[in-house]
Amino acid sequence: RKDGKGPLVAESLGLPTGCIWMMCAVLVPLLQYSLHIGKISLAEHNAALASVCTMILLGFVDDVVDLRWRVKLVMPIFASLPLVLAYSGGTSVVLPRVLTFLPRVLELGILYKVYMCLFAVFSTNTINIHAGINGLEVGQSVVTALAVVTHNLLELNGPYASDHVFSLSVMLPFIGVSLALLYFNWFPARVFVGDTYTYFAGMIFAVASILGHFSKTMLLLFAPQIFNFLYSLPQI
């Protein structure tokens, strides 16, 4: 309580939430190996852990120091570097047929890696913009995560099944810890999630979509957040 009135409410509960997710994520390779589910890429898995862990740390720093928005836009770039370096997928995009003056498949090369960094910046800050209303940050994250899980399940019989299994291994523990946090953050909130959770959630979506190779689909799921992000740009 900043005004000295009302009950005390714990802040930055995104920190233990992120730590519990990290502990669950460490067990993923062991479970995948034991159950023979999907293809294990320790390089990508460790890069995902490094990016998420870095973003949790930076989010907690923001909670303590209260960084300016200009700084918040830059922080995810550094956190996404392990993710970009471990990425081993394609760097081309399929263009709409109406663009007849351009090739059907456009190879972007290093520009695609730049796009991944910018996507990490967008995904973390677009969750953070909604901060301030009880349950909204966690609630929208859970809804988006459920949509991602649905997409992954529909694609399990496709040619990129192992990538979607990886995404499921990221998203399912995230939904579990977020639902537990939502129970206490729902109005009237007994805890506040802080910027730690919003950065943690945004990087989770970036990790799952980039290493799961469906970042363009994730942009469609982020349509409401994109509108809000563009609307809020003058305030940054």
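Predicted model: local features only at pLDDT ≥ 70, side-chain atom pairs only at ≥ 80, totals over all residues.

Biologist: Is Ser12 buried or exposed, and what is its relative accessible area?

Modeller: Ser12 is buried, as its relative accessible area is 14% and the cut-off for a buried residue is under 20%. This serine belongs to the segment before helix H1, which covers residues 14–26. The backbone of Ser12 also deserves attention: its phi is near 60°, a positive value in a residue that is not glycine.

Asp66 likewise has a phi near 60°, again positive in a residue other than glycine. Its surroundings are described next. Asp66 has a relative accessibility of 59% and therefore counts as exposed, since the cut-off for that class is over 50%. Asp66 lies in the loop between H3 and H4.

H3 spans residues 42–65 and H4 spans residues 69–79; their axes are 9 Å apart and form an angle of about 155°. H3 and H4 are therefore roughly antiparallel, because an angle over 145 degrees is placed in that class. Their crossing is right-handed. On the H3 side, the residues in contact are Ser51, Thr54, Met55, Leu58 and Asp62, and they meet Lys72, Met75, Pro76 and Ala79 of H4. By class, this contact has 5 nonpolar, 2 polar and 2 charged residues.

One further backbone feature may be noted. The peptide bond from Phe187 to Pro188 is cis, with omega near -5°. Pro188 is located in the loop between helix H8 (161–185) and helix H9 (194–211).

Key
Residues numbered from 1 in each chain as written. Heavy atoms only, no water. Axes fitted to C-alpha atoms, helices over the stretch in contact; angles between N-to-C directions. Helix = DSSP H or I, 4+ residues; strand = E, 2+ residues; numbered from the N terminus. Parallel < 35°, antiparallel > 145°, perpendicular 65-115°, else oblique. Left-handed = near helix turned anticlockwise from the far one by under 90°. Contact = heavy atoms within 4.5 Å. Nonpolar A, V, L, I, M, F, W, Y, C, P; charged D, E, K, R; others polar. Buried < 20%, exposed > 50% of the residue type's maximum accessible area, 1.4 Å probe, protein only.
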